[in-house]
Every structure is written in structure tokens, then in C-alpha cells.
Amino acid sequence: MQLDIGMVFSSLIGLFLLMGVGWVSVKTKIVPPAASAPMSSLLLKVTLPCTIFSSLATREFDSAFLVDGVIIIVIGLVLFPLYAALSWGISKVLKVPAGRRGIWSFGNNGFMGFPVALALFGEEGLALAVMFGVPFNLLVYTLGVRMVCADCGTDAQPVNLVRTLLSNINIALILSLIFYVGQIPLPEALMTPVTHLSNVTTPLSMFVTGMALASGKGAELFRDKDAYTATGMRLIVVPLLTWAVMCLLPLSNPLIASIVLITVAMPAPSVTTILAETYNGNRGLAAKIVFLTSLFCMITLPLVAMFLL
């Protein structure tokens with residue numbers, strides 16, 4: 001596989017500019033800051049579930065792909081909780097304040113890696129990236145929600161575990177796998193709106209992240225020590241650990257290792273900001289981490305991708 005540096009930079013810069021649109025919209029009062037809450041709800045409950053469903057449900061069944069999918073899901077089920085625990089421990093060593101520790105420890109994954117996976121590895125790579133997102137989404141909307149709420153004060157609302165497990169995200173994951181394995185056709189009249197809503201997810205999520213950035217002063221983006229240490233953890237430490245683990249695993253399909261490595265090297269997912277907004281978490285730190293990881297990954301991601309050659 002030959003790395004297309006131009007494609008990687010183009011994709012990252014495009015996402016970065018989408019955040020800028022959200023920032024400018026708030027600063028120029030085109031959109032009120034309070035609009036981020038209903039937009040976040042729209043993302044979590046409508047567009048993101050559609051993205052997950054459309055990525056898998058319409059794919060032609062392939063038994064070999066299904067085996068690879070199971071393998072990459074198992075890898076995610078092991079790595080993501082381990083990284084969350086490791087990050088939580090390191091946050092204590094670095095003396096990250098208790099009110100910021102949950103957001104600081106949040107993992108890397110999400111749909112920002114989908115266009116990169118598609119461009120580098122084709123349709124099979126994209127499908128595996130979506131499968132790798134299955135354990136991440138299960139963790140995010142269960143343990144991840146608790147981590148975000150751990151940053152809240154006494155006004156934080158308790159998380160209903162059953163309701164979280166039965167969230168729109170997790171239901172979409174289950175339905176997409178059922179439709180994929182059973183090869184159940186979906187009428188075009190239903191698939192068309194699902195596809196259109198799916199296409200809204202990436203730009204809207206980055207727009208909301210830009211809105212969150214607009215709530216703070218510009219200079220503060222580059223003066224937050226915790227945001228820098230979190231960025232180093234996500235873009236350097238975790239990818240290096242993942243590369244070492246992938247080298248030790250006897251994988252028959254090298255594409256699995258490539259997808260895992262390139263995915264964990266992505267910027268912090270904008271869902272970090274969305275959850276902080278939804279559950280009254282540390283929204284400011286979440287937005288800073290998304291911003292800084294999106295900025296610095298333009299340097300680190302091409303370097304990480306060199307390990308795939």
C-alpha cells in the first residue's frame with residue numbers, strides 16, 4: 001500500500017475548515033451558542049445511527065470479511081478498555097484535575113477515520129473501520145458517558161445504564177449487523193433518507209465542535225497544559241502502543257492491523273464534545289482536545305501511516 005499524502009492532508013484540512021465554519025457562525029452571531037445542544041441531540045439520535053446503519057446494512061455478504069470483522073471487533077473489545085484504564089491512570093500521574101480527567105481519558109476513534117480508511121484501503125477498509133467502531137461505540141455510550149459525567153459537579157444527572165445500552169447508536173449497530181448477516185433488502189424509499197441523513201453526520205459534528213470552540217477565548221486554545229498532554233497521549237503514545245501490539249498478533253489479513261493503527265491515530269472524535277454538551281461535562285476541554293488533535297495529526301498521521309508501507 002502506497003500512502004497518498006495529498007489525500008490525507010486534504011481530508012484533514014477539510015474537517016478542520018468545517019470546525020472553522022461552526023466557530024465563525026457563532027462569533028458572527030449567525031447561529032446562537034445555545035443551538036449546539038439540539039444539534040448535538042440530532043447527531044446522537046438521528047444522523048450518527050444512520051451513518052452506522054448505512055455503512056454495514058447494504059454491504060454484500062462475505063464470509064471471509066465476516067471473520068475479519070469478528071477479529072477486529074475482538075481487538076477493539078480488548079484495546080479500548082485497556083487504553084481507557086491506562087489513560088485514566090496516566091491522568092492521575094500527570095495530576096490532571098478531577099473535573100477534567102474523564103474527557104482527558106477519552107479514546108480515539110469515530111467517523112473522522114472513515115474517509116481516510118476508504119481512500120487508503122477501499123470499500124473493504126471502510127467496512128472494517130466501521131466494524132472496529134462497534135466496540136468503541138459500545139464503550140463510549142456506556143463507560144464513556146460515565147467518564148464524561150465524572151467531570152461534572154453535583155448537578156450532574158446519573159446515567160441510566162439500561163437506557164444507555166438501548167441508545168439509538170447501539171440499536172443502529174445491532175440492526176445493521178442483522179441486516180448485513182441476513183442480507184435483508186431495504187426498500188429504496190427507506191434507504192434514500194437514511195443515506196442523506198448519514199451524509200450529514202461528519203459536517204454537522206465538526207460544525208458543533210467549532211461552536212464549542214467559539215465559547216472560549218482564542219488564546220486559551222494554546223495555553224491549556226492538559227489539552228496538550230491529552231493530545232500527546234492520543235496521537236503518539238496510543239498509536240505506538242497499538243503498532244507494537246499489532247506486530248505481536250498473528251493476523252492472516254494485514255489489512256486488519258493497518259485499519260486498527262490508522263484508526264487509533266485519528267484526531268479525538270468530535271463525539272467527545274457532543275457527549276460533554278449532552279451530559280454537562282467539561283465541554284471546553286473537549287473542544288480544545290478535538291481542535292489540537294485535528295491540528296497536530298496533520299503531522300503525526302502521515303508519520304504513523306509510514307508504518308503501513
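A nonpolar core is a set of buried Ala, Val, Leu, Ile, Met, Phe, Trp, Tyr and Cys residues joined through side-chain atoms within 4.5 Å. In this predicted model, the largest such core holds 76 residues. Its members that touch the most other members are Ile72, Tyr141, Ile259, Val260, Ile262 and Leu275. Helix H5, residues 113–150, supplies the largest share of this core, with 20 residues. In soluble globular proteins, nonpolar side chains tend to be buried together.

The chain has 12 helices and 0 strands. Read from the N terminus, the order of elements is α-α-α-α-α-α-α-α-α-α-α-α. Of the 309 residues in the chain, 53% are buried. Contacts between residues at least 6 apart in sequence were also examined; 86% of them join residues at least 24 apart. The accessible surface of the chain is about 13,600 Å². Carbon and sulfur atoms account for 70% of that surface.

Helix H10 spans residues 254–264. Because 10 of its 11 residues are buried, H10 is largely enclosed by the rest of the structure. The buried stretch consists of Leu255, Ile256, Ala257, Ser258, Ile259, Val260, Leu261, Ile262, Thr263 and Val264. Ile259, Val260 and Ile262 are also among the core residues that touch the most other members. The N-terminal end of H10 is capped by Asn253. A side-chain oxygen of Asn253 lies 3.0 Å from the backbone nitrogen of Leu255.

Helix H11 covers residues 271–278. Here 6 of the 8 residues are buried, so H11 too is largely enclosed by the rest of the structure. Val271, Thr272, Thr273, Ile274, Leu275 and Ala276 are the buried residues. Leu275 is another of the core residues with the most contacts to other members. Leaving aside residues up to four places away in sequence, Leu275 touches Leu44, Phe106, Val140, Tyr141, Val145, Val148 and Asn280. Of these partners, Tyr141 is itself listed among the core residues that touch the most other members. Asn280 follows H11 and has a positive phi, near 60 degrees.

Charged side chains form a further set of links. The structure holds 4 salt bridges. Arg100 and Asp224 meet in one of them, at 2.7 Å from N to O. This pair links distant parts of the chain, 124 residues apart. Arg100 sits in the loop between H3 and helix H4 (101–104), and Asp224 in the loop between helix H8 (188–213) and H9. Arg100 has a relative accessible area of 18% and is therefore buried. Asp224 is buried as well, at 7%.

Asp224 also forms a salt bridge with Lys288, with the closest N and O atoms 3.1 Å apart. Lys288 belongs to helix H12 (residues 283–305), whereas Asp224 lies in the loop between H8 and H9, so the pair ties together parts that are 64 residues apart in sequence. Both Asp224 and Lys288 are buried. A salt bridge between Asp226 and Lys225 has its closest N and O atoms 3.6 Å apart. Asp226 is buried, with a relative accessible area of 7%, whereas Lys225 is exposed, at 52%. Arg100, Asp224, Lys225, Asp226 and Lys288 are linked in a network of salt bridges.

The surface carries a nonpolar patch of about 580 Å². Its residues are Leu86, Ile236, Val237, Leu240, Leu241, Trp243 and Phe307. Helix H9 (residues 225–248) contributes the largest share of the patch, 5 residues. Leu86 lies instead in helix H3, residues 63–93. Its relative accessibility is 33%, so Leu86 counts as partly exposed.

Lys95 is exposed, with a relative accessible area of 70%. Gln183 is found in the loop between helix H7 (168–182) and H8. At 36% relative accessible area, Gln183 is partly exposed.

How values were computed. Residues are numbered from 1 along each chain as its sequence is written. This is a predicted model: local features need pLDDT of at least 70, side-chain atom pairs count only at pLDDT 80 or more; totals for chains, interfaces and linings use all residues. Side-chain values use heavy atoms; hydrogens and water are left out. Buried means under 20% relative accessible area, exposed over 50%, partly exposed in between (1.4 Å probe, protein chains only). Helices (H or I, at least four residues) and strands (E, at least two) are DSSP runs, numbered from the N terminus. Patches are made of residues with over 30% relative accessible area and no salt bridge: like charges are joined within 9 Å, nonpolar side chains (Val, Leu, Ile, Met, Phe, Trp, Tyr) within 5 Å. Accessible areas come from the Shrake-Rupley method with a 1.4 Å probe; for residues, only the protein chains shown count as cover. Contact means heavy atoms within 4.5 Å. A polar contact is a pair of N or O atoms within 3.5 Å; within protein, one must be able to donate a hydrogen and the other to accept it, and residues adjacent in sequence count only if both atoms are side-chain atoms.
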